[in-house]
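Thanks, everyone. Let me put the structure up, and then I'll walk through it.

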Amino acid sequence: MSGVTLVNQWIKNATEIQRPGVQIKPFITNPRAVEKCTRYIDTDLNRAFTTENLSTEKIEDLPYEVRRAHEINRLFGPKGSQDAYDVIFDLHNTTSNMGGTLILESSKDHCILQMVHYVQNALIPISCYVLLTEHPTLRYAASRSVAKCPIVIFTCFTSLFFHLSGVEVGPQPHGTIRGDVLYTMKRIIKHALDFIQLFNEGKEFSPCTVNVYRLSESVDFPRDKDGNISAMIHTDLQDRDWQALNPGKEFSPCTVNVYRLSESVDFPRDKDGNISAMIHTDLQDRDWQALNPGDPMFLTFDGRTIPYEGDSTVYPTFINEAAYYEKQQAFVITRKETLTVKGIRVSQA
């Protein structure tokens with residue numbers, strides 16, 4: 001929600017993103033998905049801007065995101081034309097530990113590469129990585145592809161239209177706002193717009209070098225014969241975005257503690273279905289901690305304690321989660337297990 005929040009602020013008051021001689025338009029690309037706090041309604045908007053989709057004339061019966069792609073292409077394109085916006089900053093969040101990341105689609109646009117270099121230097125000591133998606137088959141038909149020069153800045157559902165560039169900032173769970181992530185995204189946009197203003201004013205930028213990570217391939221999870229995921233990210237690899245993964249590196253067998261979902265527990269209710277007790281104060285805020293038989297679980301509104309009557313120790317979580325009241329869930333019960341993970345080795349190409 002960081003990009004959504006920033007763009008909504010800029011729609012109300014665009015003072016901090018305005019630059020002399022530059023037409024800038026903050027824009028929510030997928031408002032219905034934002035309203036429902038979901039990635040998309042019918043299909044991924046980040047894959048909707050294909051030539052086939054945009055050339056379809058009868059769009060009334062098409063998925064919502066494809067119709068939205070037509071509208072965005074009309075407003076900020078047409079894609080591939082001289083009338084298209086020069087730059088689109090496509091703001092995304094990611095749950096991956098990628099930090100601040102700029103996603104570029106071309107290694108030959110020296111103006112955009114100079115902008116990246118400017119942003120990276122302005123952010124020091126914060127790192128800003130560059131992912132180069134210049135790949136013959138792994139291409140993304142996202143909203144930024146409408147512009148002449150696309151850039152991605154990772155935060156979903158929003159775009160600041162000016163050229164094509166992606167800004168990706170994480171880690172941030174979907175539907176949430178993290179102050180550090182929002183602030184990093186805001187700074188990236190500020191410095192990028194500062195560069196554009198300086199460039200338009202005639203400032204000379206000396207030759208430079210930019211370190212990028214070129215997209216090579218996509219790796220799926222191991223799967224069983226039915227297509228189900230049969231392995232998870234190794235603990236030695238988790239949260240190590242942008243760090244070296246060496247050929248032949250061996251990951252030794254290990255164990256992972258997990259909490260296996262067991263059941264959902266509703267609030268006590270009266271004969272009319274109304275909640276008649278609340279989470280006991282001894283249980284509140286004790287997610288992942290042991291709940292033993294006989295421990296206080298609920299407290300009725302007249303002061304009576306309702307204990308846990310199970311036959312073994314369990315570990316509750318999502319205790320008193322507001323979003324789950326409508327689902328008749330006070331918390332979920334999990335049981336603690338230790339999984340044994342096989343050793344693996346990255347195969348040499």
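This is a predicted model: local features need pLDDT of at least 70, side-chain atom pairs count only at pLDDT 80 or more; totals for chains, interfaces and linings use all residues.

The chain has 6 helices and 16 strands. Helices here are DSSP runs of H or I with at least four residues, strands are runs of E with at least two, and both are numbered from the N terminus. Residues are numbered from 1 along each chain as its sequence is written, and side-chain values use heavy atoms, with hydrogens and water left out.

Two overall values. Of the 349 residues in the chain, 41% are buried. Buried means under 20% relative accessible area, exposed means over 50%, and partly exposed is in between, with a 1.4 Å probe and protein chains only. Next, take contacts between residues at least 6 apart in sequence: 68% of them join residues at least 24 apart. Contact means heavy atoms within 4.5 Å.

Now the helix packing. Start with H1, residues 2-12, and H6, residues 179-200. Their axes come within 9 Å and cross at roughly 55 degrees. That makes H1 oblique to H6. The cut-offs: under 35 degrees is roughly parallel, over 145 roughly antiparallel, 65 to 115 roughly perpendicular, and the rest oblique. Axes are lines fitted to C-alpha atoms, for helices over the stretch in contact, and angles run from 0 to 180 degrees between N-to-C directions. H1 passes H6 in a right-handed crossing. Right-handed means that the near helix is turned clockwise from the far one by less than a right angle; anticlockwise is left-handed.

Who meets whom? From H1 we have Ser 2, Gly 3, Thr 5, Leu 6 and Trp 10. They meet Val 181, Leu 182, Met 185, Lys 186 and Ile 189 in H6. By class, the residues of this H1–H6 contact divide into 6 nonpolar, 3 polar and 1 charged. For the classes, Ala, Val, Leu, Ile, Met, Phe, Trp, Tyr, Cys and Pro are nonpolar, Asp, Glu, Lys and Arg are charged, and the others, Gly among them, are polar.

H6 also packs with H5, residues 110-123. Here the angle is about 130 degrees, with the axes 9 Å apart. H5 and H6 are therefore oblique to each other. H5 passes H6 in a right-handed crossing. The H5 side includes Cys 111, Met 115 and Tyr 118, and the H6 side includes Ile 188, Phe 195 and Phe 199. This contact of H5 with H6 has 12 nonpolar, 2 polar and 2 charged residues.

Look at Phe 199 in H6. Is Phe 199 buried, partly exposed or exposed? Phe 199 counts as partly exposed, at 43% relative accessibility. Leaving out residues up to four places away in sequence, Phe 199 touches Cys 111 and Phe 205. Phe 199 and Cys 111 are 88 residues apart in sequence, yet 8.8 Å apart in space, C-alpha to C-alpha.

On to the sheets. Strands pair if DSSP finds at least two bridges between them. S10 and S15 (residues 331-341) are joined by 11 bridges, and Val 265 stands opposite Phe 331.

Another open sheet runs S11-S12-S13, also 3 strands and antiparallel. Its edge strands are S11 (277-279) and S13 (305-307). Here the twist averages 35 degrees from one strand to the next.

For a parallel pair, see S3 and S4 (residues 128-132), joined by 2 bridges. Gly 100 has Cys 128 as its bridge partner in S4. In S3 (residues 99-104), 5 of the 6 residues are buried, so S3 is largely enclosed by the rest of the structure.

Last, the backbone. Most residues other than glycine have a negative phi, and most peptide bonds are trans. The bond from Ile 124 to Pro 125 is cis, with omega near 15 degrees. Pro 125 sits in the loop between H5 and S4. Asp 285 has a positive phi, near 65 degrees; this residue is in the loop between S11 and S12 and counts as exposed at 61% relative accessibility. Asn 320 has a positive phi of about 60 degrees. Asn 320 lies in the loop between S14 and S15, and is partly exposed at 27%.
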